[in-house]
Amino acid sequence: MTENIRPASGDLEAILLVGGQGTRLRPLTLGVPKPLLPTAGVPFLAHQLTRARSFGVRHVVFATSYRASMFSEAFGDGSGFGLRLTYMTEEHPLGTGGAIRNAAQALTGGPDAPVLVLNGDILSGHDIGEQVGRHVARGAGVTLHLTEVDDPSRFGCVPTDESGRVTAFLEKTPNPVTNRINAGCYVFTRSVIDDIPAGQVVSVERETFPGLIESGTLVLGYADRSYWLDVGTPAAFVRGSRDLVLGRLRSPALPGTPGEMLAMPGAQVSAEAKVSGGSTVGARAVVGSGAIVTGSVLCDGSQVCQGATVIDSVVGREAVVASGAVLRDAVVGDGAVIGSGNELLAGTRVWPGIVLPERAVRFSSDV
């Protein structure tokens with residue numbers, strides 16, 4: 001079938017949208033952009049970059065804004081990934097459409113070339129090559145990756161007709177007509193990007209996509225049921241790292257084999273500790289005797305002391321969870337100290353450098 005036609009290896013360029021401030025993930029993003037957070041042992045974007053390369057991408061343009069210099073410091077020229085990376089920074093945030101238009105100045109392809117556009121906070125297992133191939137075969141202006149969710153009211157709802165043509169783009173409507181949503185991966189024809197007004201704040205979700213549909217431009221939906229996760233909240237971030245470690249989503253960037261635990265170089269895990277559920281123990285992190293760590297992210301240099309419990313949580317760099325403390329669905333910022341006997345549950349967030357004295361916070365009366 002012609003829909004399986006794919007561009008030749010090396011022909012595909014991509015734009016990576018990484019300009020957001022990641023406010024929903026604070027305090028983790030106070031000093032580090034969301035796409036650089038350690039996820040299954042490496043910066044989150046490493047997983048996206050290696051997957052993109054596996055589908056023939058060779059040139060990626062980063063659309064940056066918040067803490068822009070940190071991206072080039074992390075990835076350099078991209079040679080370590082077999083990629084060529086270019087960094088385009090917005091002086092002022094331009095929205096998704098404006099960011100794509102600004103980044104497109106660094107593209108080298110012609111007006112008919114397909115351009116992959118990725119959001120920097122999505123984990124996806126879908127077949128990018130098939131999405132691009134369908135886009136090219138149908139001569140679409142844009143092809144959107146669509147996924148199915150239980151509660152589509154939280155996302156952009158995208159109905160399609162029998163041919164796959166998108167008939168509307170309903171951003172976060174309270175009464176969705178379909179459970180298919182915008183999954184945050186697009187293939188644009190380069191000329192469509194060039195039609196986005198330059199230097200202006202533009203939303204592709206609220207302006208570009210609805211405008212293309214209204215004008216009669218072919219906007220396709222590529223729907224599938226593969227793994228998909230928006231990692232924009234602490235709970236989702238923890239889940240994404242956990243799923244990568246467990247192998248629920250395969251990633252060429254995983255620095256080890258899938259399993260119950262990923263221990264980075266220099267990590268010290270006591271033989272009497274129990275670390276499981278896809279937990280990551282960062283470089284030089286320490287897990288003491290009798291500690292329980294399940295489905296969590298322990299960042300570089302952190303300490304989980306003797307008898308402490310950390311479940312579905314994040315412990316920041318150089319942070320300390322003292323003996324007997326309990327964390328469930330909690331986030332501890334870099335350098336914070338959680339004193340013995342504290343019990344942090346249900347979305348608790350501790351800012352960097354904070355020191356909680358012994359038994360300062362409890363959710364239950366037992367001591």
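1. Helix 4 (residues 128-138) has as its buried residues Ile128, Gly129, Gln131, Val132, Gly133, Arg134 and His135. Buried means under 20% relative accessible area with a 1.4 Å probe, protein chains only; helices (H or I, at least four residues) and strands (E, at least two) are DSSP runs numbered from the N terminus.

2. The model is predicted: local features need pLDDT of at least 70, side-chain atom pairs count only at pLDDT 80 or more, and totals for chains, interfaces and linings use all residues. Residues are numbered from 1 along each chain as its sequence is written, and side-chain values use heavy atoms, with hydrogens and water left out.

3. The buried residues of helix 4 pack against several elements, among them strand 1 (12-17), helix 1 (44-54) and strand 8 (142-148); contact here means heavy atoms within 4.5 Å. Gly139, just after the helix, has a positive phi of about 65°.

4. In strand 8, six of the seven residues are buried. Strand 8 runs antiparallel to strand 11, joined by six bridges, and Thr147 stands opposite Ile181 of strand 11. With strand 12 the pairing is parallel, over five bridges; His145 stands opposite Tyr222 there. Two strands pair if DSSP finds at least two bridges between them.

5. Elsewhere, six strands form an open sheet with parallel pairing, in the order 15-18-21-24-27-30. Strand 15 (268-269) and strand 30 (355-356) are at the edges with a single partner strand each, so one side of each has no neighbour in the sheet. Val337 in strand 27 has Val355 as its bridge partner in strand 30.

Terms used: Buried means under 20% relative accessible area, exposed over 50%, partly exposed in between (1.4 Å probe, protein chains only).
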